[in-house]
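Here is a short briefing on one protein model. Please keep the sequence and the structure open while reading.

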Amino acid sequence: MSNAQPVELPLWVRDREEVIAMDASVEWREGRPDYSHTNQFREQERQCNHAEGSLNAIAHNLVRTFEMEATHKINPQQWLSVVTEKFRMSTNGGKQYTAQDVIDVGTYNLFLGDTEHYRSTEETFDSSYNLFHTAFPEGFHWELIAVLSPPPNVVFKWRHWGQFKGKFKDFAPTGETVEIVGLSVASVTEELKIESVEHFFDNSAFLNKLTTSKCPFHS
């Protein structure tokens, strides 16, 4: 029988709540984030339950930590999930953005760009955040489905989903589940910090699901 002790995983690939709790001197956008409301809906609706310590679970935790830091930590030097100076993010082969770009503009704007139903160049971080949180009051959840390739170039499939229960611009809520399935490629260090990540998904399909309902103010 082996007496070897299990290796303790770095904080940024453990449960997101552990990262939030270690907030000494962290510069939060609007105070420490509280996911207690949305967590209850995510637990009820998720499809995957990865084994603790598995590669799927580690990658899942890393991305959720990154999403939390990108949304709530306004000092990129305090992000634990990335190598700040090297970090770059892109969507569907488009422009590469830095951590500071993410803080300034917001992930929704960088993901969606300018389309028929959403123009990121006309939105701010706050306006985009409020717009989608109004449309998805129970949260727009994320989970990793499966890791397809191990480090250092991690390829993984994921899903985003939420209940469309609040209005989106002038479009009435339908109450239906809106889901996006995508693929990402993340380059990580030996310490499992992200150096770059590319996302691939159909952003037009997502927006079409929010804009096919009847407009309540223009019927």
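Leu 183 sits in strand β4, which spans residues 177–188. The model is predicted. The points below cover a surface patch, a pocket, salt bridges and some backbone details.

**Surface patch**
- Leu 183 counts as partly exposed, because its relative accessibility is 32%.

**Second largest pocket**
- The second largest pocket has a volume of about 480 Å³.
- Its lining has 20 residues, and the closest to the pocket centre are Asp 15, His 50, Ala 57, His 60 and Asn 61.
- Three helices each supply at least two lining residues: α1 (16–21), α2 (36–45) and α3 (55–72).
- Helix α3 gives the largest share of this lining, with four residues.
- By type, the lining of the second largest pocket holds 10 charged, six polar and four nonpolar residues.

**Salt bridges**
- Side chains of opposite charge can pair when their charged atoms come close.
- The model has 14 salt bridges.
- Glu 143 and Arg 159 form one of them, at 2.7 Å from N to O.
- Glu 143 is in strand β2 and Arg 159 in strand β3, so this pair ties together parts that are 16 residues apart in sequence.
- Glu 143 and Arg 159 are both buried.
- Glu 67 forms a salt bridge with Arg 16, with the closest N and O atoms 3.5 Å apart.
- That pair links distant parts of the chain, since Glu 67 is in helix α3 and Arg 16 is in helix α1, 51 residues apart.
- Glu 67 is partly exposed, at 34% relative accessible area.
- Arg 16 is buried, at 6% relative accessible area.
- Glu 18 and Arg 14 also form a salt bridge, with the closest N and O atoms 3.1 Å apart.
- Glu 18 counts as partly exposed at 35% relative accessibility.
- Arg 14 is partly exposed too, with a relative accessible area of 22%.
- A network of salt bridges links Glu 8, Arg 14 and Glu 18.

**Backbone details**
- Most peptide bonds are trans, and most residues other than glycine have a negative phi.
- The peptide bond from Pro 151 to Pro 152 is cis, with omega near 10°.
- Pro 152 lies in the loop between β2 (141–149) and β3 (153–163).
- Asn 92 is not a glycine, yet its phi is positive, near 50°.
- The loop between β1 (88–91) and α4 (99–105) holds Asn 92.
- Asn 92 is partly exposed, with a relative accessible area of 37%.
- Leu 192 also has a positive phi, of about 65°, and is not a glycine.
- Leu 192 is placed in the loop between β4 and β5 (194–200).

**Cys 48**
- Cys 48 is in the loop between α2 and α3.
- Cys 48 counts as buried because its relative accessibility is 17%, and the cut-off for buried is under 20%.
- The C-alpha atoms of Cys 48 and Glu 179 are separated by 15 Å, and the two residues are 131 residues apart along the chain.

Terms used:
Residues are numbered from 1 along each chain as its sequence is written. This is a predicted model: local features need pLDDT of at least 70, side-chain atom pairs count only at pLDDT 80 or more; totals for chains, interfaces and linings use all residues. Side-chain values use heavy atoms; hydrogens and water are left out. Buried means under 20% relative accessible area, exposed over 50%, partly exposed in between (1.4 Å probe, protein chains only). On a 1 Å grid over the protein atoms alone, a cavity is a set of points where a 1.4 Å probe fits but cannot get out, and a pocket is an open set with protein on both sides within 12 Å along at least five of seven lines; lining residues have an atom within 4 Å of a point. Grid points are joined across faces, edges and corners, and a volume is the space filled by probe spheres set on the points. Ala, Val, Leu, Ile, Met, Phe, Trp, Tyr, Cys and Pro count as nonpolar, Asp, Glu, Lys and Arg as charged, and the others, Gly among them, as polar. A salt bridge is a side-chain nitrogen of Lys or Arg within 4 Å of a carboxyl oxygen of Asp or Glu.
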